[in-house]
Structure formats: C-alpha cells, structure tokens
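Keep the viewer open and follow along strand by strand.

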Amino acid sequence: MHWQGEELELGTTYFAYANNLTLRKEPSLNAEKIALLPINQELKVISVSDKTMLLNGYNSSWVEVQAGVNTGFVVSGLLANGRFRLNDGSFLLYNKNANPSYTKAAAALQFRKVSNNSAAYIELGEAPLHHDTFAVVLHNNKGLTGIDHIIEIDLTAEACGLEGGTGYATLAFEKGKINYLGFYNSVFDGGAFHMKEALVFPGDKEGRPDTIIYKGEEGGFVDDEENEYRTVQKVKSYAWINGRLERPIVKFTYN
C-alpha cells in the first residue's frame, strides 16, 4: 500500500499531478482506457491494488479511484503529494521524485503551478529532499519584495541523531519558477550534541526590511569529565534587492 514511501488513505481525495492521466478498467497498462483525466482532477481513493509499477524511483501501487462519474485505476505515483491554492487563485501541486537533479539529495519535490479554470500548467522546478519524512508549508511573501510566496519544506528526524531541518524556496509568478534558498539543519542527539539553523524573513518577528537573516547554533560536550557543554551561535544578514538575494547564502561552519 505504499505511495512513494507513504500510505494512501482510503476514502481520501487526492489530485492528479500528471496531465491526461489515463484511467483504466483494470490495474494494468494493457487494460482498457476509460478516460483521460486533466491535471488537478479530484480523485477519491476506493481501494489499493497489490500490483505495483516502478515510477520516478518508487514502486507505486495501482489504486482504484472515483473521478467524477467514472471509476477506474491509476498509478499512485502520478498523484500529487499535496496541493495549495495560491494567492492568484491558481494551484500549487507537488510530487516526490526519487531521481532528482540534485546529486547529493535522496529525492526531490517537483512543483507545478496549475490554472484554476483549465489544465494549463507551468513546471516550476524542484527542491531537494534529504529523507522521506516531510511536510510542506506555503507562506505569503513574508515581506520579501518581488515574490509571491515562500515554500517551506520541513524534514522531521525520525530518530535521535538523524538529520532534520528546513528547506526554503521562493516563488515569483512573474518568473515562473521556484528559487531554492537552501537547507538548514536541525539535529538533536540525546543531549550530547545539537544544531539548529533557520532563516528569518522581513515579515517575521525578528525580521528586518529587505533582508534575510541566517541564524545558526551548534553545541556539544567538549570535556566529558568536566561536564562542559559549549554552544556556538552565529548570525549573518543577506540583502534582498530587486526580488533576489544580493549574494548566495553560505552555510556556517562552527569549528
């Protein structure tokens, strides 16, 4: 019952990430075609087949769905992992891909902007994922000029010592693509070590106009016998000019 590493919930409505998604009578590429479904089509999951298909690096189950008046099967990997309504009335869809262009990432989220009244869509690009446990949050522009939204990708560390953190990307409708701002760590290892990083935007409580503030903190034991725990904190500001960073953000080193 796995859908790109996750469980599909029966009775839940998902949305087509692919355009002209083929709805079939049986869970097979050779089965009779019932209809071609537009991107963003609502699909209610009725059942999950034990038959799978390798797609975008994942073994995706065939799922039985209700699409309007039709019922049939589609490959689950062609469903969006999530959807947001944007402030211009269109929709943002995202889909997980295990074959990203980011060579150091385990996977990536691909984004599409879909018209609210047609199947027209724009490929916005992708953002890396370092593991499969994530949540996507859509913000307004948080005070950054020249963009429409900030996309936040929160990665949850599933066990002590594993890498968690937050990735950030900006979305400007005029440019028709996302701009990835980087990944910022959050690691806690049983009280022996921690690292916490974040970006602060102009609209945040500690924010400043036309500036992105990069804050980082790392701590760990330096002398177990003396029970000495040392923490290093760093802050650096980056100017935001004409809808973009004046220079790329450089990750901190704490040594």
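Strands β18 (residues 211-223) and β19 (residues 228-241) run antiparallel and are joined by 12 bridges. If you want a spot to look at, Gly219 sits opposite Thr231 in β19. Bear in mind that this is a predicted model.

Next along, β19 is joined to β20 (residues 244-245) by 2 bridges, again antiparallel. Ile241 stands opposite Arg244 in β20. The hairpin of β19 and β20 has 2 residues between the strands, and Asn242 takes a positive phi near 55° there.

## The open sheet

Those strands belong to an open sheet of 8 strands, with antiparallel pairing and the order β13-β14-β15-β16-β17-β18-β19-β20. β13 and β20 are the edge strands, each pairing on one side only. Further in, β17 (residues 193-200) runs antiparallel to β18, with 8 bridges joining them. Ala198 has Lys215 in β18 as its bridge partner.

## Whole-chain numbers

Zooming out, the protein chain has 20 strands and 0 helices. Its C-alpha atoms fill a box of roughly 70 × 45 × 30 Å along the principal axes. Of the 255 residues, 46% are buried. Among contacts with a separation of 6 or more, 46% are between residues 24 or more positions apart.

Which residues touch the most other members of the largest nonpolar core? They are Leu109, Phe111, Ile151, Ile153 and Ile178, in a core of 21 residues. The strands that each supply at least two residues of this core are β10 (91-97), β11 (107-114), β12 (121-129), β13 (134-139), β14 (149-155), β15 (164-172) and β16 (177-189). There's also a second, separate core of 19 residues, which includes Leu181, Tyr184, Leu199 and Tyr254.

Take Ile151: not counting residues up to four places away in sequence, it touches Leu92, Phe111, Val136, Val137, Leu138, Gly167, Tyr168, Ala169 and Ile178.

Ile153 lies in strand β14. Is Ile153 buried or exposed? Its relative accessible area is 2%, so Ile153 counts as buried, the cut-off being under 20%. Leaving aside neighbours within four places in sequence, Ile153 is in contact with Leu109, Phe111, Ala127, Leu129, Ala135, Gly165, Thr166 and Gly167. From Ile153 to Phe173 there are 20 residues in sequence and 19 Å in space, C-alpha to C-alpha.

## β10, covered on both faces

In a regular strand, side chains alternate between the two faces of the sheet. For β10, both faces are covered: Phe91, Leu93, Asn95 and Asn97 on one side and Leu92, Tyr94 and Lys96 on the other are all buried. That is 7 of its 7 residues.

Strand β9 (residues 82-85) is joined to β10 by 4 antiparallel bridges, and Gly82 has Tyr94 in β10 as its bridge partner. The hairpin of β9 and β10 has 5 residues between the strands, with Gly89 at a positive phi near 90°. With β11, β10 pairs in the antiparallel sense over 7 bridges, and Phe91 has Val114 in β11 as its bridge partner.

Terms used. Residues are numbered from 1 along each chain as its sequence is written. This is a predicted model: local features need pLDDT of at least 70, side-chain atom pairs count only at pLDDT 80 or more; totals for chains, interfaces and linings use all residues. Side-chain values use heavy atoms; hydrogens and water are left out. Buried means under 20% relative accessible area, exposed over 50%, partly exposed in between (1.4 Å probe, protein chains only). Contact means heavy atoms within 4.5 Å. A nonpolar core is a set of buried Ala, Val, Leu, Ile, Met, Phe, Trp, Tyr and Cys residues joined through side-chain atoms within 4.5 Å. Two strands pair if DSSP finds at least two bridges between them.
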